[in-house]
Amino acid sequence: MMSTVVPVLFIQCLLSILLTTTLAAPITITRETFRACRPGSWAGIPSDCCPPKVIDGPIVDFRPKYDASKPLRVRKALQCLSGHELQTYLRKLEKGYVLMRALPDSDPRSFKRQNAIHCAYGTGSFLQDGSTNLTIDVHLNWLFLPWHRMFVYFHERILQKLLGDPEFSLHFWNFDNSVTATPRHGSRGCYKAGHFVPPMYNDPSKATFEANRSFMTFEPNRPWTCRSTSRKEFHFQRPSLRSPTVPSRNKRAGTEKSCTAVGAGTIELVPHNTLHAWIGGWMLQPITAPIDPLFYPFHANMERLWSVWRKLGYGNDDPTDPDWLNATFLFWDENSVMRRVRVRDFLDLNALGYRYEKVNDASWIFFDNSTSPRAP
Ligand SMILES: [Cu+2]
């Protein structure tokens with residue numbers, strides 16, 4: 001039975017992709033998308049997370065502009081913060097989440113509403129323009145990386161606004177780095193291992209805490225090993241990161257939801273999906289994942305890994321397909337103004353005004369010609 005069902009499903013899946021891509025156009029979110037929002041689902045679990053059907057006020061195009069006169073903000077590796085810098089960061093992070101959680105549900109910047117928008121974009125609640133059945137999903141396809149960069153970016157801007165600090169940066173969880181290395185003399189950056197839950201997200205007295213996680217996340221300094229340990233971990237992760245497909249399946253207007261995981265880029269499958277599963281709790285599904293504040297430093301590192309992937313060679317580069325570059329989403333900004341955001345505007349971090357602290361990526365870079373991770 002299985003032997004015939006699987007090929008038939010595969011052929012149906014392939015046919016649906018071949019037939020529907022002829023109608024290609026970029027995915028575009030408009031006022032009408034919001035108006036037509038409906039309850040969705042994920043893996044058979046129903047979701048009901050539509051934003052208000054009517055968008056109040058104007059929709060303003062978002063266009064980043066590189067300002068060479070301003071130093072770039074730096075998103076740092078959480079495991080290397082110490083002393084006064086750590087204390088200041090903890091104070092601000094805590095305050096930011098207390099304020100965000102205190103916003104009423106009617107405020108699109110509230111913690112709850114930010115989860116809801118991820119849910120709506122991730123559970124087929126939005127329909128494609130002019131369609132009554134083709135849905136939009138920002139997972140398992142080439143929209144995954146840019147959409148989540150946008151999501152974290154606006155989350156950070158909301159925190160900045162609530163804190164009254166436009167220079168506040170949301171630091172990242174360097175979960176892929178399991179090696180403490182000795183950097184070459186003069187190297188700047190963070191070279192400590194970071195593959196355990198950052199302690200500031202595990203303190204029950206803080207607004208960054210979430211109890212609904214797997215027991216493993218609460219064991220201090222327990223490493224996240226991506227199913228395996230030490231070197232094997234790299235075997236498992238590395239080919240994923242350097243696969244020629246960031247987004248192997250093209251999600252564009254006129255295409256149905258990806259057939260299971262074939263649409264996902266490998267970075268999305270591993271380490272992203274595997275880490276979601278390891279954290280557990282709310283993180284297990286897109287309906288609820290950003291209820292856990294750990295979601296945000298986790299996904300900041302995801303987009304950092306996107307940049308690492310680009311640097312590895314092997315012809316790794318972003319798509320040039322206009323259906324990817326011109327895909328357009330709507331996000332509320334820090335002033336509750338609706339912004340129209342294109343993928344093409346979220347590829348250059350310099351233009352967005354931030355960069356990532358240098359960390360130990362040696363384990364990615366030297367994978368092919370080294371038997372042990374080396375310091376940079
Ligand atoms: Cu997501």
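Colleague: Is the link of Cys37 and Cys50 left-handed or right-handed?

Modeller: The torsion about the S-S bond is -85°, and the link of Cys37 and Cys50 is left-handed. A disulfide is a pair of cysteine sulfur atoms within 2.5 Å. The sulfur atoms of Cys37 and Cys50 are 2.0 Å apart.

Colleague: What should I know about the model itself?

Modeller: This is a predicted model: local features need pLDDT of at least 70, side-chain atom pairs count only at pLDDT 80 or more, and totals for chains, interfaces and linings use all residues. Residues are numbered from 1 along each chain as its sequence is written, and side-chain values use heavy atoms, leaving out hydrogens and water.

Colleague: How many disulfides does the structure hold?

Modeller: Three. Another disulfide joins Cys49 to Cys119, with 2.0 Å from S to S. Its torsion is about -70°, so that disulfide is left-handed.

Colleague: Where do Cys49 and Cys119 lie?

Modeller: Helices (H or I, at least four residues) and strands (E, at least two) are DSSP runs, numbered from the N terminus. Cys49 lies in the loop between E2 and E3, and Cys119 in helix H4, residues 111–122. The pair therefore ties together parts 70 residues apart in sequence.

Colleague: Are Cys49 and Cys119 buried or exposed?

Modeller: Buried means under 20% relative accessible area, exposed over 50%, partly exposed in between (1.4 Å probe, protein chains only). Both Cys49 and Cys119 are buried.
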